[in-house]
Amino acid sequence: MSTDARPKRTRKSPGERAAEILAAATDLARAEGLAAVTVRSVADRAGITQGLVAHYFPSMQELVARIYRDLVGAEVEEVRAVVAADGDHRGRIRALLETVLDGSRDDVTVLWVEGWALGRRNPELAAAVREQMDAWHALVSDAIAAGEAVGELRVDDVDRAAWRVLAFVDGLNAQSLVRDAPMRTSVEDAVRAVESWLGVEAAEHR
C-alpha cells in the first residue's frame, strides 16, 4: 500500500481569505497609492486569481474607500492620543502641529491627496474623505474650544478657526510631497503662525 507524502493543502475560511485580500490591497495602497488598487494588482500582490478577489470584493470602489477610511482613521486616532496626552491646551495645539508636520507621514498625505482627486469619480471614496475630514475637524475644534474655554486661546469662531488650521496643515503637507528642497516654513514657524490665529498672545495679555 502506497502512502501519499505530499502535504495536504488546507482550504482557508472565507474570513481568512477576505482578510488576506484586504491586507494585500492595503499594503499596495501604502506602497503605490490608492490608484494602484485594481483587481489585477491586488490578485498579483496576494498571489491568487482575479476571480477570487472579485468574489470577495466585487466593488473596487468600495474596497478603496475602506482602505482609505482604515488608514486615515488610524492616523486621526493616533494624533488624538498625542494631543490628549499634553497637559495644557496651548501645548495640545503645538503637539498636534509638531506631530502632523514632522515629515514622517508622507504615505498618509499621499492618501489624502489621492482621496480628494479620486473621490470625484468614486462616490464611496468621497464619502470616506468627508467622514475623515469631519473627524479631523472635530479633533482640532475640540482642542481649540477647550483652550478658549479656560482662556489659553481666544478665537471668534471655533469652527472657522479649526478649518483654517486644517487648510494650513494640508497645504504644507501636500506641497512637501513635490518640493526638491526642504519646506521653507519650519514646524516652529507653523506653530507661531497658528498660535497667532488662535489668539495665544492676546489670551496671555487678557
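Helix α4 and helix α5 (residues 89-100) pack at an angle of about 145°, and their axes lie 8 Å apart; here an axis is a line fitted to C-alpha atoms, for helices over the stretch in contact, and angles run from 0 to 180 degrees between N-to-C directions. The model is predicted, so local features need pLDDT of at least 70 and side-chain atom pairs count only at pLDDT 80 or more, while totals for chains, interfaces and linings use all residues. Residues are numbered from 1 along each chain as its sequence is written, and side-chain values use heavy atoms, with hydrogens and water left out.

The contact (heavy atoms within 4.5 Å) is made by Val79, Val82, Val83 and Ala84 of α4 together with Arg92, Ala95, Leu96, Thr99 and Val100 of α5. These residues divide into seven nonpolar, one polar and one charged, where Ala, Val, Leu, Ile, Met, Phe, Trp, Tyr, Cys and Pro count as nonpolar, Asp, Glu, Lys and Arg as charged, and the others, Gly among them, as polar.

Helices are DSSP runs (H or I, at least four residues), numbered from the N terminus, and the expected span of a helix is 1.5 Å times one less than its number of residues. The table sets out this comparison for two helices.

| Helix | Residues | Expected span | Span between end C-alpha atoms |
|---|---|---|---|
| α6 | 13 residues | 18 Å | 18 Å |

Buried means under 20% relative accessible area, exposed over 50%, and partly exposed in between (1.4 Å probe, protein chains only). In α5, the buried residues are His89, Gly91, Ile93, Ala95, Leu96, Leu97, Thr99 and Val100, and they pack against α4, α7, α8 and α9 (187-197).

At the start of α5, a side-chain oxygen of Asp88 comes to within 3.2 Å of the backbone nitrogen of Arg90. The backbone nitrogen of His89, in turn, lies 2.8 Å from a polar atom of the side chain of Glu152, a residue in the loop between α7 and α8. Glu152 and His89 are 63 residues apart along the chain, yet their C-alpha atoms are separated by 6.6 Å. Glu152 itself is partly exposed, with a relative accessible area of 27%.

In α6, Val108, Thr109, Leu111, Trp112, Glu114 and Gly115 are buried, and what covers them includes α1 (14-32), α4 (60-85), α7 (123-149) and α8 (158-176). Thr109 has a relative accessible area of 9% and therefore counts as buried. Leaving aside neighbours within four places in sequence, Thr109 is in contact with Asn173, Ala174 and Leu177.

Terms used
Helices (H or I, at least four residues) and strands (E, at least two) are DSSP runs, numbered from the N terminus. A polar contact is a pair of N or O atoms within 3.5 Å; within protein, one must be able to donate a hydrogen and the other to accept it, and residues adjacent in sequence count only if both atoms are side-chain atoms.
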